[in-house]
Amino acid sequence: RLRGEDVKRGTTVAEAGEILTVGKISLLAATGVAGAHVGRQPVVGVLATGSELREPGQPLAPGQIHESNRIALAALLRGAGAVPRIFPLVPDTLAATQSALERALGECDAVVTSGGVSVGEMDFVKAAFERLGGELQFWKVAVKPGKPFVFGRRAGKFLFGLPGNPVSALVTFLLLVRPALLRWQGAREVGLPAYPGVLAEPLSNPGERRHFMRVRMNEAGEVSSAGTQASHVLSSVAKANGLVDVSPRTTLGVGATVPVLRWE
């Protein structure tokens with residue numbers, strides 16, 4: 001091998017704000033670097049609220065459902081460089097919600113909740129957080145799915161309150177929580193990677209909010225809807241490998257080139 005053939009003297013091997021990929025780590029080691037300063041991984045508590053929720057594997061009574069958001073959010077958190085800590089299910093009472101939030105905020109750098117952030121009588125997350133001295137920064141975002149998203153701060157720690165519907169929780173995490181956690185760790189590029197695709201069928205958004213639609217892009221770059229776009233339908237999430245941002249009152253026709261946001 002020739003001297004300097006791989007990396008020449010004076011070359012910057014890694015810069016602040018870059019994610020240390022396998023290739024970067026290997027190159028640092030090959031150039032004699034024994035260690036690097038990195039952002040600390042945030043510990044993030046994961047809570048799910050709802051008296052109707054039961055753990056997977058438990059029998060269901062009428063009106064009950066198996067809880068699925070925490071395991072999905074934990075996987076997404078790991079992908080964002082965080083360390084997830086899953087807490088027990090929280091029933092729909094103000095006292096239980098306040099107690100669960102207090103414990104999670106005491107043990108973690110941030111807390112991600114699902115459910116309890118809308119306008120129903122059993123939605124207690126915002127009130128419980130304020131009772132603990134938290135300050136709500138904003139509530140509701142003009143996207144679909146995921147309108148009733150809430151963000152707050154308390155003593156240098158963050159609350160990300162996601163809707164309970166599983167697709168809404170997924171989309172708001174990808175758009176709002178993931179970038180915040182990456183920035184917290186020092187990353188410069190925090191958006192989802194976007195790949196160009198060509199629509200094989202039209203995508204229509206007649207509503208007033210941006211709609212992040214679940215799609216499937218094949219190896220040829222052809223993009224199709226992954227199925228029913230309702231916020232409670234997980235089967236289309238299982239089939240999807242990306243999202244397409246469709247503006248309000250817009251139809252994207254067959255053959256249109258669209259950026260596909262990928263999370264895996």
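1. The side chain of Thr49 has a polar atom 3.4 Å from the backbone nitrogen of Gly116, and one 3.2 Å from the backbone oxygen of Gly115. For reference, a polar contact is a pair of N or O atoms within 3.5 Å; within protein, one must be able to donate a hydrogen and the other to accept it, and residues adjacent in sequence count only if both atoms are side-chain atoms.

2. A word on provenance: this is a predicted model, where local features need pLDDT of at least 70 and side-chain atom pairs pLDDT 80 or more, while totals for chains, interfaces and linings use all residues. Residues are numbered from 1 along each chain as its sequence is written, and side-chain values use heavy atoms, leaving out hydrogens and water.

3. Thr49 sits in the loop between β1 (43-48) and β2 (53-54); strands here are DSSP runs (E, at least two residues) and helices likewise (H or I, at least four), numbered from the N terminus. Thr49 is buried, at 9% relative accessible area (buried means under 20%, 1.4 Å probe, protein chains only). Leaving aside residues up to four places away in sequence, Thr49 touches Val90, Asp92, Ser114, Gly115, Gly116 and Val125 (heavy atoms within 4.5 Å).

4. Now the sheet: six strands, open, mixed pairing, in the order β4-β1-β5-β9-β8-β6 (pairing takes at least two DSSP bridges). Its edge strands, β4 (83-86) and β6 (135-139), each pair on one side only.

5. Strands β5 (110-114) and β9 (157-162) run parallel over five bridges, with Leu159 in β9 as the bridge partner of Val111.

Definitions and conventions
Buried means under 20% relative accessible area, exposed over 50%, partly exposed in between (1.4 Å probe, protein chains only).
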